[in-house]
Amino acid sequence: MSYKDILVFLDDGRSNDVRVKTAIHLAKTHGAMLTGVALEAMKPEHLIVQDEDAALMQTKQFAQELLHGFLETAENEGVEEVDTILIPGKLGESARTMAQIARNYDLVMLRQPNPDKENYARLKEFAEVVMMHCGRPVFFMPYIGAHRIPCKKSMIAWDGSPSSTRAVHNAIPMISKSKEVTVLVVASKKTSHEDMMVDQLIEHLARYDINATSSYIDPGTFDIQTTILNEVADNDIDILIMGGYGTPSIRQKIFGGVTHSILASMIVPILMSH
Amino acid sequence: MSYKSILVFLDDGKSNSDRINAAITMAKTHGAHLTGAALQSLKPELLNSNDEKVTLVKANRMANRLIEEFKHEATDAGIDFDNIVIPGNSDASANSMAHHGRNADLVILAQPNPDGRNFTRMLSFAEEVMLYSGRPILFIPYIGANKIPFKKALISWDGTPAATRATYDAIPILKRTEEVTVLVVESKKQLESKSDEQAEALSRNLARHGIHARVERVTPGEATVASVILNEVSHHDIDVLIMGGYGTPSLRQKILGGVTRSLLSSMLIPVLMAH
């Protein structure tokens with residue numbers, strides 16, 4: 001089982017190079033087509049222009065350069081099928097367009113927004129809109145870059161919800177290539193042993209030749225997100241798989257608490273499905 | 001790409017044997033593990049009793065009988081299988097079925113029969129399993145289904161996340177069909193949401209999975225979206241319909257969307273839905 005069509009988001013962030021590198025690696029191992037996408041309205045960080053028209057011209061040109069650079073790198077690295085898309089319009093609209101485009105891909109690669117940067121709020125909203133509306137798994141590359149590519153050790157943060165179920169199933173092509181898979185359940189009132197049916201999940205994964213082990217963690221006085229991040233760090237995990245929560249119907253989208261804080265503080269790539 | 005585990009729901013409805021048959025055929029072609037699930041507390045259709053104890057005993061007996069039948073069929077077919085009896089009243093059993101569904105690649109349920117006595121319970125059961133399992137659900141019509149394996153598939157495409165998930169979850173089925181059509185009903189809402197342009201992109205992506213789909217656009221005119229879809233289904237002699245299933249899992253009183261509900265009660269062919 002492989003991904004056949006991968007979409008990767010391009011920008012001027014620090015993680016762009018490693019994001020492209022990871023995308024190329026995935027496209028090559030899966031034999032997938034790779035498409036790079038840039039936003040016409042994405043303002044490069046170094047750009048300081050007051051005049052709107054001038055700014056738009058600059059950003060357009062910048063987006064074109066990103067796409068060119070991407071095309072060149074991908075072709076040099078020997079990806080068989082490469083394509084580029086330039087999304088027009090303002091940043092707000094472009095998130096919707098991106099979600100629409102993303103629906104037709106097997107995997108969508110975005111970046112984790114950097115909380116220290118000026119564009120954090122905009123990028124976070126962009127990521128939320130895309131994830132909530134595309135219906136496809138989204139791979140978030142940390143803004144500090146990836147720990148280890150290809151990912152050898154995967155961890156599934158399992159809470160039995162429809163979102164985390166979708167995340168696991170969508171991640172099968174990814175985790176079937178990793179050496180170690182752990183199903184992590186953070187003990188709480190909502191995650192009783194019986195309801196989680198972890199053994200059955202492991203049995204199901206085994207039918208895909210994935211050997212997973214389970215781990216029950218009592219968070220003690222920590223909250224769930226801290227517990228998950230601790231486990232990721234302690235076990236030297238390369239990729240975390242989890243459900244992404246939110247309420248798509250409300251205009252002001254609100255990411256679930258755990259999703260939100262993990263997305264802000266993660267240091268390894270995350271594969272999320274809503 | 002194949003399904004590796006399939007969960008099939010067993011009951012005393014008319015479609016039960018066709019459902020088991022469909023499940024076994026699919027398990028065989030996909031090389032999948034099949035699990036049969038019966039409900040311990042489902043009141044048999046023919047039982048005329050209001051005594052709770054009698055109902056419970058009869059229901060229990062029926063569940064065991066259904067499991068025995070399933071085991072017999074599955075053993076004959078020589079597939080890898082197991083079975084479960086799900087305890088609890090209507091809410092608890094739906095919840096538990098959804099939990100079991102999480103660990104399957106496909107869940108096969110019965111379309112609730114509007115004339116059947118269990119209609120309300122079965123409808124809310126189906127809704128709940130679909131909304132909470134997060135997995136694709138294949139509904140076998142209550143009148144049965146005999147065109148298994150499927151030859152002609154229709155994707156009802158409206159560009160929503162649910163329709164997207166349904167399509168991708170259906171890839172193992174689509175790969176084994178002879179003809180796939182992507183249907184876009186060009187209602188006002190559709191044209192605004194640009195799902196129209198995206199239909200071509202979808203068919204391009206499906207091609208990369210080795211599935212050759214044709215895009216067809218229909219203007220609904222005065223007809224409802226549901227009836228347009230049903231017309232297309234019968235017109236093209238479609239064997240399986242793939243669509244998004246809508247609903248609001250956050251409300252206690254679950255409400256399936258209008259199109260979903262009316263299709264779910266009036267369809268005559270198997271429908272694969274994902275939420």
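The largest nonpolar core in this predicted model has 89 residues. I6(B), A23(B), I108(B), V129(B), A153(B), L241(B) and I242(B) have the most contacts inside this core. Helix α4 of chain B, residues 119-133, gives the core its largest share, 7 residues. Another core lies apart from it and has 82 residues, including V20(A), A99(A), I239(A) and I241(A).

**A closer look at the largest core**

- Which residues does I108(B) touch, leaving aside those up to four places away in sequence? They are I6(B), L7(B), V8(B), F9(B), R19(B), A22(B), A23(B), L138(B) and I140(B).
- L138(B), one of the residues touched by I108(B), stands opposite L272(B) in β10(B).

**The sheet of chain B**

- Chain B has an open sheet of 10 strands with mixed pairing, and the order is β3-β2-β1-β4-β5-β10-β9-β6-β7-β8.
- Its edge strands are β3 (81-86) and β8 (213-218), each of which pairs on one side only.
- On average, neighbouring strands of this sheet are turned by 25° against each other, direction ignored.
- Inside the sheet, β5 (residues 137-140) and β10 (residues 271-274) of chain B run antiparallel and are joined by 3 bridges.
- Helix α3 of chain B, residues 90-101, packs on the sheet and touches β1 (5-10), β2 (33-39), β3 and β4 (106-110) of chain B. The direction of α3(B) makes about 155° with that of β3(B).
- Helix α5 of chain B, residues 161-169, also packs on the sheet, where it touches β6 (152-156), β9 (240-244) and β10 of chain B. Here the angle with the direction of β9(B) is about 140°.

**Helix α2 of chain B**

- This helix covers residues 52-77, which makes 26 residues. From its first C-alpha to its last it reaches 37 Å, close to the 38 Å expected at 1.5 Å a residue.
- Which residues of α2(B) are buried? They are M62(B), A63(B), L66(B), F70(B) and A74(B).
- An α-helix has 3.6 residues a turn, so residues three or four places apart point the same way.
- The cover over the buried residues of α2(B) includes β1, α1 (16-30), β2 and β3 of chain B.
- After α2(B) comes G78(B), which has a positive phi, near 70°.

**The sheet of chain A**

- In chain A, 10 strands form an open sheet in the order β3-β2-β1-β4-β5-β10-β9-β6-β7-β8, with mixed pairing.
- β9 (residues 239-243) and β10 (residues 270-273) of chain A pair in the parallel sense over 4 bridges. I241(A) stands opposite L271(A) in β10(A).
- Helix α2 of chain A, residues 52-76, lies across β2 (33-39) and β3 of chain A, at about 170° to β3(A).
- α7(A) lies across β7 (180-186) and β8 of chain A, at about 160° to β7(A).

**Where the two chains meet**

- 24 residues of chain A are in contact with 23 residues of chain B.
- On the chain A side, α4 (120-134), α5 (162-175) and α7 (198-206) each supply at least two residues. The most comes from α5(A), with 4 residues.
- By class, this side of chain A has 8 nonpolar, 9 polar and 7 charged residues.

Definitions and conventions:
Residues are numbered from 1 along each chain as its sequence is written. Chains are lettered from A and ligands numbered from 1 in the order in which they are written. This is a predicted model: local features need pLDDT of at least 70, side-chain atom pairs count only at pLDDT 80 or more; totals for chains, interfaces and linings use all residues. Two residues are in contact if their C-beta atoms, placed from the backbone, lie within 7 Å. Ala, Val, Leu, Ile, Met, Phe, Trp, Tyr, Cys and Pro count as nonpolar, Asp, Glu, Lys and Arg as charged, and the others, Gly among them, as polar. Two strands pair if DSSP finds at least two bridges between them. Axes are lines fitted to C-alpha atoms, for helices over the stretch in contact, and angles run from 0 to 180 degrees between N-to-C directions. The expected span of a helix is 1.5 Å times one less than its number of residues. A residue is buried if 20 or more other C-beta atoms lie within 10 Å of its own, exposed if 12 or fewer, and partly exposed in between; C-beta atoms are placed from the backbone. A nonpolar core is a set of buried Ala, Val, Leu, Ile, Met, Phe, Trp, Tyr and Cys residues joined through C-beta atoms within 7 Å.
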